[in-house]
Amino acid sequence: MSHAVLSSQRPSADTEAPALEVRGLGKSFPIGGLFSRDSVRALHGVDLTIGRGEIVALVGESGSGKSTLARCVARLEKPSSGQILIDGVDVLKRDRFQASRAFRSQLQMVFQDPFGSLNPAHRVEHFLRRSLAIHRKGGNSETATQQRLGELMTTVGLQADMLNSYPHELSGGQRQRVAIARALAVEPQVILADEPTSMLDVSVRIGVLNLMRKLRDEQGISMLYITHDLASARYLADRTVVMFAGELVEEGESLDLLANPAHPYTQLLVSAVPDPARAGSYDPVRRAELRQAVMASTTCTFDGDPNQACSAEEPVRHRVGDPENSHWVRCHLYRPQPGAGGHALAAEPTDNTASA
Amino acid sequence: MTVSQVSFGSHEPVLEVKNLTVKYIGDTRSTTAVDRVSFSIGTGEVFGLAGESGCGKSTIANSVMRLLKDPAKIAGGSISFGGKDVLAMSQEELRRFRWQDVAMVFQSAMNSLNPVLTIGEQIVDIFTTHAGYTRKESLRRAGELLELVRIDSARLKSYPHQLSGGMRQRAVIAMAVALKPSVLILDEPTTALDVVVQQEIMAQIKELQRELGFSVLFITHDMSLMVELSHRMAVMYGGRIVETAKAQDVYTNPRHPYTQALMSAFPPLTGPRVPLTGLPDGVKFRNIPDLTEAAPGHFVAPVSADASAADTAIMEGAAR
Ligand SMILES: Nc1ncnc2c1ncn2[C@@H]1O[C@H](COP(=O)(O)OP(=O)(O)OP(=O)(O)O)[C@@H](O)[C@H]1O
Ligand SMILES: Nc1ncnc2c1ncn2[C@@H]1O[C@H](COP(=O)(O)OP(=O)(O)OP(=O)(O)O)[C@@H](O)[C@H]1O
Ligand SMILES: [Mg+2]
Ligand SMILES: [Mg+2]
């Protein structure tokens, strides 16, 4: 981080419980007909910690389980196994059947699909007003509420007269911003944002990313930022985690992770980022081969070579590079370079900030 | 063979939009969402359309498909497809025109599948109604289509809510190319796809395009993807086109301050983390004039004195 011009002002909160901690989260979905026994394993053994005032980016393959993770944490989906701790409290135990209002005040989610997540029958004002009212953030007078509504719209770069618009009257990017404003209205401690800026032009997107950073800096809000835009993950997030086939396979300080990707999938992902500076360098045939090599597997998630040490069991976490970057990779194929300072961490760590 | 080596297409325009103006007429406020927009797309050409969120891109796409509904009004201009006046087509002609001549992947793709039918049923439907294949043949082709967009054909049995956002987008792309249209409109088709899958799908579309020679109108906010895949592109702001040229020229030499802001608001993947700004607060372009040719094939809307002040503000890149 020494080169970073943007400071990461997150408070050092060693003594407090992290804002969000997920332990051993698993989720399977039944698929096929009513009586079919097939199921999709969407999540497996996910351990993730987000400190107070920390922004963590979650990247990974389409269909790898990112939204499922967020939906489980937001209590919209019931995990098959594991624990979810908010402020150190196990929320699955506390609110057994459904999320309480207190929980919703603590944690808000911005959904991936802005076209499906706003009820078409209501005007923009309704969504924001409702959030303010339920969580008692509207102030104690109508004037205060109105002012807050105006502020929220300005915050996300929309004109106040759009409060009167129905969702179908908004463009894709405008809807996304309404969804963000709705989450912000609640002033939660944790925001799970599932691709919140995918339909915004880069210039507005930077504005929203800067806003998210400001909320973190000023109000200590913690965030899980799900994105396919690696550059924005690097720009915004303190740490980046990579998900592949329902498991977290690599994690580290964002700059370090993207500069030194250790997992074959992360390497593939980084190499596939389109870059106009090297337009024409992208070769679909070669990419398909590389992907095949990484993805096609029978005996384990990666290699398929049963003679390799890890193949038969769960892979272990290896530290990558300088411990300061808390960068680890969990892969059957990863072999630390001699002298590169990497070594295996605990076989089944629950503490993912594991630094020696 | 790399993507950008694909032939440039001919200059015979398939789709020609001239001076298109579209308004949304409201009780309280009316918006001119598209304001005297002109562009044409050649056979086999990929034409990119970028611009501010809310600047009218989807409205243009919907106009071409004749899918605009009240309170939208086409207030002026013309759209022609293969020499035929699209705005004058009868309902009967439109039925063929949509999906067979011109197919579109909507920005709301993730949400545009029928929730009560499986993916397989929806694709089979297209083949049986539009192409007249038997059910069995349709099913086989449906499986092939899914594989084309990298979804296991076992997922034919899945309902839309059982697929991830990106899988739904891919299913819709598969449906759009099913009938091999001559123009494919893609409105933000890859917002939910990781870069690996995104590159693969776009390469597939390119491949198909080369094979079948269709043209593409490609709307995206991803400037790198646009520059990499489009032959020519246009940048819009506030309902107007502010710049149009070969995609590489727009990238290497953006001339309009808004285009420049787009190209520089791009966080890098290497180097230190530096604060970026989009358009600085309060910068707005108004009364955008018609395009003039600034260099051969490179058209730009001249910038008034006001907006050049904005220009310097962008270049200074104020801290957050
Ligand atoms: N309700 C459901 N029923 C059955 N399967 C499901 C359901 N929801 C998700 N899945 C499956 O779980 C897996 C993970 O889906 P998820 O939506 O979490 O992926 P994602 O990482 O968010 O992908 P994307 O980037 O494409 O949005 C996918 O294989 C998906 O088909
Ligand atoms: N039915 C409607 N009634 C009123 N205004 C509308 C309606 N549909 C769209 N608009 C307005 O028209 C403008 C253009 O919308 P459009 O959806 O074409 O934008 P876009 O360029 O596709 O934006 P994005 O990139 O965010 O999707 C927006 O300002 C939007 O608010
Ligand atoms: Mg998702
Ligand atoms: Mg749009």
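Trainee: Let's start with ligand 2: how many residues surround ligand 2, and which are the closest?

Mentor: A quick word first: this is a predicted model, where local features need pLDDT of at least 70 and side-chain atom pairs count only at pLDDT 80 or more, while totals for chains, interfaces and linings use all residues. Residues are numbered from 1 along each chain as its sequence is written, chains are lettered from A and ligands numbered from 1 in the order in which they are written, and side-chain values use heavy atoms, leaving out hydrogens and water. Now, a residue is near a molecule if one of its heavy atoms lies within 4 Å of it. Here 18 residues surround ligand 2, and the closest are S171(A), G54(B), K57(B), S58(B) and T59(B). Ligand 2 lies between chains A and B.

Trainee: What kinds of residue make up that shell?

Mentor: Sort them by class: Ala, Val, Leu, Ile, Met, Phe, Trp, Tyr, Cys and Pro are nonpolar, Asp, Glu, Lys and Arg are charged, and the others, Gly among them, are polar. The shell around ligand 2 has twelve polar, four nonpolar and two charged residues.

Trainee: Which atoms of ligand 2 pair up with Q174(A) and Y24(B)?

Mentor: Look for polar contacts, pairs of N or O atoms within 3.5 Å; within protein, one must be able to donate a hydrogen and the other to accept it, and residues adjacent in sequence count only if both atoms are side-chain atoms. An oxygen of ligand 2 is 2.9 Å from a side-chain N or O atom of Q174(A), and a nitrogen of ligand 2 is 3.5 Å from one in the side chain of Y24(B). There is also an oxygen of ligand 2 at 2.8 Å from a polar backbone atom of G173(A).

Trainee: And the two chains: how many residues are in contact?

Mentor: Contact means heavy atoms within 4.5 Å. By that rule, 67 residues of chain A are in contact with 61 residues of chain B.

Trainee: How many salt bridges does the rule find across that interface?

Mentor: A salt bridge needs a side-chain nitrogen of Lys or Arg within 4 Å of a carboxyl oxygen of Asp or Glu. The rule finds one between chain A and chain B: E253(A) with R273(B), their closest N and O atoms 3.2 Å apart. Polar contacts link 21 residue pairs between the two chains, both residues at pLDDT 80 or more. On the side of chain A that touches chain B, 32 residues are nonpolar, 21 polar and 14 charged.
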